[in-house]
Each structure stands twice: as C-alpha cells, then as structure tokens.
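Please keep the sequence and the structure in view while reading.

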Amino acid sequence: MQLRSKPVLTASLGGTRPEGFGHGQLCAEHDRLGLQLQRIQAELTAGSLETAKAKFQQFRAALESHQRLEETILFPQFRQSGIVPDCELIGELYEEHEMIRGQIETVQASLERDGKVNELLEQLGALLNAHESKEELFFYPMLFHLADPDFVAELFHSVHRRLVPNAAEPI
Ligand SMILES: [Fe+2]
C-alpha cells in the first residue's frame, strides 16, 4: 500500500490558509488514517493476524469518528450555508462514505474468516485516498476559505473535541 502524498494540495493552498486550524487538522487526520492502514498491512505481512485485527478496530473507530464529524456537522452546515448553491459535491462525499463503510465491513468479515485481506486493504486504501483527496482539494478549501471565518472557527472548535476526542493523540 502506498502512502499518499499531497504536494499538489500544499502547493495549491500556499500560505492562504490559517496554519494548524481546521483544514490542516482534518488533513492530518486523513494522514493518520493512511498510516494506520499501512501498519495493519505491515502486521499482516509479519504474520501477526491478531495484532492486525486489533489495529483494524482502532482504524475503524478513528475513521468512524472522522466521518461522523463530517456527516453530522460539516456537510450539513456547508449545505445550509449556501456557500455554493446546488453543490453536488456533498452528495458525492456522502456516497463515498457509504462505499468506504461497505469496504470496511468486507475487510472485517475477511479478517474474521481467513485473514486474507491484502487485496481488500489495497482497495480500501484506494477508495480512501480518492475520497480524501476530493475533500482536501475541493471541500475543505471551500468550507474553510469561503465560509465566514468566525462561523467556521466556532463550528470547528465546538464540535471537534466532542466528536473526535482522541484526534490529537498519536496512534
Ligand atoms: Fe475526511
């Protein structure tokens, strides 16, 4: 599994976004999820199935927290704000979350059955990478650059710690 790099994102945003706030933290969560997937695959390669299963549960919980934050707060607020009228992007992001959850279930079932999940993890990684790139390149910039800064700041700080309490902790 390849760790996704994001040179385009960094270059495209330049110095225009507030460092360490909102956008950066959500992207950092994406990076941590990718790292967790890599570590699961490393455990499988080493033959440590039980450790891989445990790490997959951690990954799953972290991903669910991240998606919950987006689905319960960020996506609805973005739609309601009317920043981009008739924006189809949010619908696509919801659908992709569903696809990712489906792949999570498939991996989980295979882990329990025979542990042969390398290809399934590759597929999950590809789904995640494509989805996260879309969020990072289109959704987060629109949310954090076009929305009223006070609104976004209040939104982010009021929900992030409650919904993703361990986000700042190392894996
Ligand atoms: Fe995300």
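Gln 41 is found in helix α2, where helices (H or I, at least four residues) and strands (E, at least two) are DSSP runs, numbered from the N terminus. With 18 other C-beta atoms within 10 Å, Gln 41 is partly exposed; a residue is called buried if 20 or more other C-beta atoms lie within 10 Å of its own, exposed if 12 or fewer, and partly exposed in between, with C-beta atoms placed from the backbone. Although Gln 41 and Leu 121 are 80 residues apart along the chain, their C-alpha atoms are separated by 7.6 Å.

This is a predicted model, in which local features need pLDDT of at least 70 and side-chain atom pairs count only at pLDDT 80 or more, while totals for chains, interfaces and linings use all residues. Residues are numbered from 1 along each chain as its sequence is written.

**Confidence and overall make-up**

The mean pLDDT of the protein is 80, and 75% of its residues reach 70 or more; pLDDT is the predictor's confidence in each residue, from 0 to 100. Confidence is lowest in helix α1 (residues 7-13), at a mean of 33, and highest in helix α4 (residues 89-113), at 96. Over residues 1-20 pLDDT stays under 50, and for this stretch the model has 18 contacts beyond four places in sequence, two residues being in contact if their C-beta atoms, placed from the backbone, lie within 7 Å.

The secondary structure comes to 6 helices and 0 strands. Of the 171 residues in the protein, 22% are buried, and residues 24 or more positions apart account for 70% of the contacts with a separation of 6 or more.

**Helix pairs**

Two helix pairs are set side by side below. Axes are lines fitted to C-alpha atoms, for helices over the stretch in contact, and angles run from 0 to 180 degrees between N-to-C directions.

| Pair | Angle | Axis separation |
|---|---|---|
| α2 and α3 | about 165° | 8 Å |
| α3 and α4 | roughly 165° | within 11 Å |

The angle makes α2 roughly antiparallel to α3, and α3 is likewise roughly antiparallel to α4; angles under 35 degrees count as roughly parallel, over 145 as roughly antiparallel, 65 to 115 as roughly perpendicular and the rest as oblique. The crossing of α2 and α3 is left-handed, as is that of α3 and α4, a term used if the near helix is turned anticlockwise from the far one by less than a right angle.

The residues of the contact of α3 with α4 divide into 9 nonpolar, 2 polar and 4 charged.

**Two glutamates**

Glu 132 lies in helix α5 (residues 118-146) and is buried, with 25 other C-beta atoms within 10 Å. Glu 132 and His 30 are 102 residues apart in sequence and 6.8 Å apart in space, C-alpha to C-alpha. Glu 92, in helix α4, counts as partly exposed because it has 14 C-beta neighbours inside 10 Å.

Technical notes. Ala, Val, Leu, Ile, Met, Phe, Trp, Tyr, Cys and Pro count as nonpolar, Asp, Glu, Lys and Arg as charged, and the others, Gly among them, as polar.
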